[in-house]
Amino acid sequence: MTIRSIDHLVLPTGHLDVARARFQALGFTVAPEGLHPFGTKNACVYLADDTFIEPLAIADPLLADAAVAAGNVFVARDRTFRASRGEDGFSAVVMATADADADHAAFHAAGVSAGMRLDFSRAYVDAAGRSKTVSFRLAFAAPTGVGDTFVFTCERVDAPVGGRGALADHANGVVGLSRIVGCARDPQAVEGLLSILVGRHPEAEDGGLSVAATNASISVLTPAALAARYRVAPQRDAELTLRGIVYRVADLGVTQRVLEASGIEFTRIDDLIIVGPADGQGAFFGFEETSS
């Protein structure tokens, strides 16, 4: 199997302006708003490792209704997540791919396809205010045991080249992703999902499973292990939920000073800073120093 890298993470929010203000208070640079042709919009946070965080809101409910009726899996799964989990959350892990068509065929052959593949384009505004059109192809998987969480692959057909420039420069010192943290009552039940998602078999870790993508790891922990390791409230759901994002930072002291200046509450656990979920931030965020 080809080992995949993480492309981006989707965080639904009820109000994009609230998410923007929260991310800025955390020390992130937030890109200009992007509008999808199917009724959703985002304000992305681009990282220097070529991943990004996608706060996602509804821009046009009627257009979103039409997209769902036409079989748009992205909008339909987002709607299901919001109906079940609320407006703020962490709904999807998206893996990079060079061939969404092949992924769709593989998901279908494995009996885990979530529906039709999706092609779309949208306007992208860079740090200098220049606008261009970017295009993507998405393939969706829906294995058993994931509940409202959804996963898909993303082929960047026409995307910005040469990096994101100032959009990937963050006051909090974040340079990339370290790991994604999920929770399930029985982590072994999502072993197949992790294998499909990343392209390699996960390994056992204390209180759960972990699998290393090429650019970050994904851990699925029991509720007790999650609470003990990250000091966040355990969950009662049996199926997989995405709970946190841990970022790599160049200097944890810089991160701490930014959070203190913004009045952001946090917990320091050795060399890890944890910030709990809040309006516009549907997951806990962790920050850890790295030399790479």
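This report walks through the strands, cavities and aromatic rings of one predicted model.

## Ground rules

Because the model is predicted, local features need pLDDT of at least 70 and side-chain atom pairs count only at pLDDT 80 or more, while totals for chains, interfaces and linings use all residues. Residues are numbered from 1 along each chain as its sequence is written, and side-chain values use heavy atoms, with hydrogens and water left out.

## An eight-stranded sheet

Let's start with the strands. Helices (H or I, at least four residues) and strands (E, at least two) are DSSP runs, numbered from the N terminus. Two strands pair if DSSP finds at least two bridges between them. Eight strands make an open sheet with mixed pairing, in the order β11-β12-β13-β10-β14-β17-β16-β15. At its edges sit β11 (203-205) and β15 (267-269), each pairing on one side only.

Zoom in on β12 (residues 208-212) and β13 (residues 217-221): they pair in the antiparallel sense over five bridges. Here leucine 209 stands opposite valine 220 in β13.

Is β6 mostly buried or exposed? Four of the five residues of β6 (residues 92-96) are buried, so this strand is largely enclosed by the rest of the structure. Buried means under 20% relative accessible area, exposed over 50%, and partly exposed in between (1.4 Å probe, protein chains only).

Strand β1 (residues 6-12) pairs with β6 in the antiparallel sense over four bridges, and the partner of valine 10 in β6 is alanine 92. Strand β9 (residues 150-158) pairs with β6 in the parallel sense over five bridges. Alanine 92 turns up again here, with phenylalanine 150 as its bridge partner in β9.

On a 1 Å grid over the protein atoms alone, a cavity is a set of points where a 1.4 Å probe fits but cannot get out, and lining residues have an atom within 4 Å of a point. Grid points are joined across faces, edges and corners, and a volume is the space filled by probe spheres set on the points. The count comes to five cavities of 30 Å³ or more.

Of its 13 lining residues, the closest to the centre are His8, His36, Phe52, Glu54 and Phe120. The lining has eight nonpolar, three polar and two charged residues; Ala, Val, Leu, Ile, Met, Phe, Trp, Tyr, Cys and Pro count as nonpolar, Asp, Glu, Lys and Arg as charged, and the others, Gly among them, as polar.

The second largest cavity has a volume of about 70 Å³. Of the 14 residues that line the second largest cavity, the closest to its centre are Val93, Leu197, Ile218, Leu240 and Leu242. Its lining divides into 11 nonpolar, three polar and no charged residues.

## Rings in pairs

Rings of Phe, Tyr and Trp (its six-membered ring) pair if their centres lie within 6.5 Å; planes under 30 degrees apart count as stacked, over 60 as edge-to-face and the rest as tilted. The structure holds 17 aromatic pairs. One of them is tilted: phenylalanine 28 and phenylalanine 287, 6.4 Å centre to centre with 35 degrees between the planes. Phenylalanine 28 lies in the loop between α1 (16-25) and β2 (34-35) and phenylalanine 287 in β17 (residues 284-289), so the pair ties together parts that are 259 residues apart in sequence.

Phenylalanine 150 and phenylalanine 152 have ring centres 5.7 Å apart and planes at 15 degrees, so this pair is stacked. Both phenylalanine 150 and phenylalanine 152 are buried.

Terms used
1 Å grid on protein atoms, 1.4 Å probe; cavity = no way out; pocket = protein on both sides within 12 Å on 5 of 7 lines; lining within 4 Å.
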